[in-house]
Amino acid sequence: MRILVTGGAGLIGSHLCESLLAQGHEVVCLDNYFTGSKRNIFHLLDSKNFEILRHDIINPVDIEVEQIYNLACPASPVFYQFNPVRTIQANVLGVTNMLELAKRTRARILQASTSEVYGDPRVHPQTEDYWGNVNPIGVRACYDEGKRVAETLMMDYGRQDRVDIRIVRIFNTYGPRMAVNDGRVVSNFIVQALKGKDLRINGDGLQTRSFCFVSDLVRGLAGMMNQEDFRGPVNLGNPRELTILDLARKTIQLTESSARIVHGEPAPDDPVRRQPDIALARRKLRWEPAIDIDEGLELTIPYFRQQVTS
């Protein structure tokens with residue numbers, strides 16, 4: 001197939017492009033490089049089946065494809081709060097443009113949604129039928145509400161125009177090729193530990209997250225894209241819940257760092273608990289993650305060590 005991956009130079013996108021090429025597909029990687037990096041896809045340039053298109057999905061694009069993975073949107077608070085208007089435009093104008101492309105080409109389109117649609121959840125763990133607890137006027141709303149609107153657009157194009165849609169809700173994902181200045185907790189902690197700097201935790205550190213290694217996530221995305229008669233939404237993430245404090249301790253141990261843990265003020269609208277219920281993914285996709293946090297960190301730390309020392 002000829003497959004478009006928007007946000008293809010990012011963490012998830014670059015690993016997805018790599019996987020699709022290995023399966024023999026033609027891949028068009030679209031990215032504006034706001035958070036993605038050419039370094040993430042440099043090793044793919046020699047493939048005759050790989051094409052790069054520098055473009056922002058806020059503007060329409062007209063190409064011929066059979067599948068669309070729409071991953072284009074900053075996913076870290078540092079980046080999506082840098083230009084919140086642009087972030088919500090990516091989720092409204094950008095998703096509309098991708099859906100119009102899918103409608104014209106009759107391509108199947110998969111939207112990378114997020115666990116942030118659940119907000120600071122009052123249901124735990126989070127199931128797909130939970131509608132969420134989101135602050136629509138908070139500092140994170142550009143991303144949280146943007147992704148919620150993106151899901152609405154997907155469903156309405158599916159109902160009204162019979163566009164072949166898929167929706168996945170991605171929980172915290174990490175792995176090699178995360179940006180050093182990504183601003184998310186895994187990259188922050190690893191970089192701080194490798195530099196011997198204090199690992200800074202917002203609040204008491206008892207807030208929880210569930211961390212999924214990127215290769216597991218990519219496998220789930222492909223499984224959902226190629227699943228017939230099921231459009232989602234479906235949670236993709238690791239159901240093992242971990243406190244931020246425990247993550248900091250693991251990072252210090254695995255990096256053999258002398259760094260200390262310090263605490264600061266809680267971040268605005270920061271969810272207290274986050275854990276996916278993946279029963280639906282297990283049933284519909286026969287999918288579940290295979291790599292636990294310890295193995296995943298051991299696979300990720302050498303990448304950051306190289307970045308920090310180079």
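1. A crossing of two helices is called right-handed if the near helix is turned clockwise from the far one by less than a right angle, and left-handed if anticlockwise. In this predicted model, helix 7 and helix 9 cross in the right-handed sense.

2. Two packed helices are described by the angle between their axes and the distance between the axes. For helix 7 (residues 244–255) and helix 9 (residues 293–309), the angle is about 60 degrees and the axes lie 10 Å apart. Angles from 65 to 115 degrees would count as roughly perpendicular and those under 35 as roughly parallel; helix 7 and helix 9 are therefore oblique to each other.

3. On the helix 7 side, the contact with helix 9 uses Leu-247, Lys-250, Thr-251, Leu-254 and Thr-255. Helix 9 contributes Ile-293, Asp-294, Leu-297, Glu-298, Ile-301 and Arg-305. Sorted by class, this contact holds five nonpolar, two polar and four charged residues.

4. Helix 7 also packs with helix 5 (residues 185–194): the two axes come within 9 Å and cross at roughly 40 degrees. That angle makes helix 5 oblique to helix 7. The crossing of helix 5 with helix 7 is right-handed.

5. Which residues make the contact between helix 5 and helix 7? From helix 5 they are Val-185, Val-186, Phe-189, Ile-190, Ala-193 and Leu-194, and from helix 7 Ile-244, Leu-247, Ala-248, Thr-251 and Thr-255. By class, the contact of helix 5 with helix 7 has nine nonpolar and two polar residues, and no charged ones.

6. Strands of a sheet pair through backbone hydrogen bonds, either parallel or antiparallel. Here, seven strands form an open sheet with parallel pairing, in the order 3-2-1-4-5-6-11. Strand 3 (50–54) and strand 11 (234–236) are the edge strands; each has a single partner, so one side of each lacks a neighbour in the sheet. From one strand to the next, the twist averages 20 degrees.

7. Within that sheet, strand 1 (residues 2–6) pairs with strand 2 (residues 26–31) in the parallel sense, over five bridges. Arg-2 stands opposite Glu-26 of strand 2. Helix 1 (residues 11–22) packs on the sheet and touches strand 1, strand 2, strand 3, strand 4 (67–70) and strand 6 (165–170). The direction of helix 1 makes about 170 degrees with that of strand 1.

8. The count of salt bridges comes to 23.

9. Some backbone geometry deserves a check by eye. Most residues other than glycine have a negative phi, and most peptide bonds are trans. The bond joining His-124 and Pro-125 is cis, with omega about -10 degrees, and Pro-125 is in the loop between strand 5 (108–114) and helix 4. Another cis peptide bond runs from Gly-232 to Pro-233, with omega near 5 degrees; Pro-233 is placed in the loop between helix 6 (214–225) and strand 11.

10. Arg-162, a residue other than glycine, has a positive phi, near 60 degrees. Arg-162 lies in the loop between helix 4 and strand 6.

Methods: Residues numbered from 1 in each chain as written. Predicted model: local features only at pLDDT ≥ 70, side-chain atom pairs only at ≥ 80, totals over all residues. Heavy atoms only, no water. Axes fitted to C-alpha atoms, helices over the stretch in contact; angles between N-to-C directions. Helix = DSSP H or I, 4+ residues; strand = E, 2+ residues; numbered from the N terminus. Parallel < 35°, antiparallel > 145°, perpendicular 65-115°, else oblique. Contact = heavy atoms within 4.5 Å. Nonpolar A, V, L, I, M, F, W, Y, C, P; charged D, E, K, R; others polar. Pairing = 2+ DSSP bridges. Salt bridge = Lys/Arg side-chain N within 4 Å of Asp/Glu carboxyl O.
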